[in-house]
Amino acid sequence: MDILTVEDLSVEVSGRTILRDINFSIPEGEVHVLFGPNGSGKSSLIKTILGFPGYKVLSGSIFFKGKEITDMPTDERVKLGMGVAFQNPPAVRGVKLGEILKGMMRNREEVEKRIGNILKELNFPTDFLTRDVNLGFSGGETKKSEILQVLAQDADLTILDEPDSGVDVENLQVIGAVLSRRLKGKSVLLVTHLGYILRYIDADMAHVLMDGTIACSGSALKILGQILKEGYSWCEKCPRVKGLRCEVFL
Ligand SMILES: Nc1ncnc2c1ncn2[C@@H]1O[C@H](COP(=O)(O)OP(=O)(O)OP(=O)(O)O)[C@@H](O)[C@H]1O
Ligand SMILES: [Mg+2]
């Protein structure tokens, strides 16, 4: 069964169409990667899947666990089992990280044990739990805070928007090892630019977003290799962007 299906999706933000005719699905238990140049629409696609206000679906549908969620409010999607670690999460003044985490859990014992373990694995000091969410956190600390929250949630579909950007070599190893262990066998949608995190997470498939549309889909490592070798210019030439089939990866 597919955990997520996106069908013919077009999306408008502030009067501008930023996503066009997006089609892809993630079978349960698979890891799919989204590649694409800056501004191609990756984070917008994630926010649309989460149902953020302002991301207006012009046409198409989104299905999660077999249920149509295109018009469902964000909190219901989260309750249904979606979790996301954002690329640029906001700081939340007056709300402690520990309070947010407790809100996600069913019982106190579960909270303390699970969060305590993830904190240790992430090498993230417990005093962050008493700080306002992301307020004054460094870039790397913010990434860890997002990863802690999404892993604590233990969602049925985990969405990671650039978990490896702005993270130093040693912390990349730490984050990579934790994600690899905790997401084993789980359904994941992952955005990465340079693919560092793919040293730790085995991806089943990748999709390349170009100018708001999926230009091609195929093996994550093959596509990454091509992107690192030639940049996205090979993709700009792809006939698929003009509405035809990608000859390289399909
Ligand atoms: N809320 C918004 N208001 C106005 N424009 C928006 C909004 N959200 C996204 N956009 C625009 O949509 C386009 C796609 O942005 P998005 O953040 O999805 O790109 P991205 O592929 O995630 O890029 P990056 O790799 O830099 O993170 C950009 O031109 C962006 O300015
Ligand atoms: Mg982005």
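Helix α1 gives the most to the shell around ligand 1, with three residues. Helices here are DSSP runs of H or I of at least four residues and strands are E runs of at least two, both numbered from the N terminus. Please keep in mind that this is a predicted model, in which local features need pLDDT of at least 70 and side-chain atom pairs count only at pLDDT 80 or more, while totals for chains, interfaces and linings use all residues. Residues are numbered from 1 along each chain as its sequence is written, and chains are lettered from A and ligands numbered from 1 in the order in which they are written.

- Ligand 1 is surrounded by 13 residues, and the closest are I18, N38, K42, S43 and S44; a residue is near a molecule if its C-beta atom, placed from the backbone, lies within 6 Å of it.
- That shell has ten polar, two nonpolar and one charged residues. Here Ala, Val, Leu, Ile, Met, Phe, Trp, Tyr, Cys and Pro count as nonpolar, Asp, Glu, Lys and Arg as charged, and the others, Gly among them, as polar.
- K42, L45, I46, K47, T48 and I49 of α1 are buried. A residue is buried if 20 or more other C-beta atoms lie within 10 Å of its own, exposed if 12 or fewer, and partly exposed in between, with C-beta atoms placed from the backbone.
- Just after α1, G51 takes a positive phi of about 80°.

**The four-stranded sheet**

- An open sheet is formed by four strands in the order β2-β1-β4-β5, with antiparallel pairing; two strands pair if DSSP finds at least two bridges between them.
- The edges belong to β2 (16-27) and β5 (67-68), each with a single partner strand, so one side of each is left without a neighbour in the sheet.
- Strand β1 (residues 2-13) is joined to β2 by eight bridges, and V6 stands opposite F24 in β2.
- Seven bridges join β1 to β4, where S59 is the bridge partner of S10.
- β4 and β5 pair over two bridges, with F64 opposite K67 in β5. Their hairpin has two residues between the strands, and K65 takes a positive phi near 50° there.
- Helix α1 (residues 42-50) lies across β1, β2 and β4 (56-64), at about 70° to β2. Such angles run from 0 to 180 degrees between N-to-C directions, using axes that are lines fitted to C-alpha atoms, for helices over the stretch in contact.

**The six-stranded sheet**

- Six strands make an open sheet in the order β6-β9-β10-β3-β11-β12, with mixed pairing.
- At its edges are β6 (82-85) and β12 (213-218), each pairing on one side only. The twist averages 20° from one strand to the next.
- β6 runs parallel to strand β9 (residues 157-161), joined by four bridges; T158 in β9 is the bridge partner of G83.
- Helix α5 (residues 139-153) packs on the sheet, touching β6 and β9, and its direction makes about 165° with that of β6.
- Helix α7 (residues 220-230) lies across β3 (31-35), β11 (205-210) and β12, at about 40° to β11.

**The nonpolar core**

- The largest nonpolar core has 59 residues, and those with the most contacts inside it are I147, I159, L190 and V208. Such a core is a set of buried Ala, Val, Leu, Ile, Met, Phe, Trp, Tyr and Cys residues joined through C-beta atoms within 7 Å.
- Apart from its neighbours within four places in sequence, I159 is in contact with I46, I49, M82, G83, V84 and L189; contact means that the C-beta atoms of two residues, placed from the backbone, lie within 7 Å.
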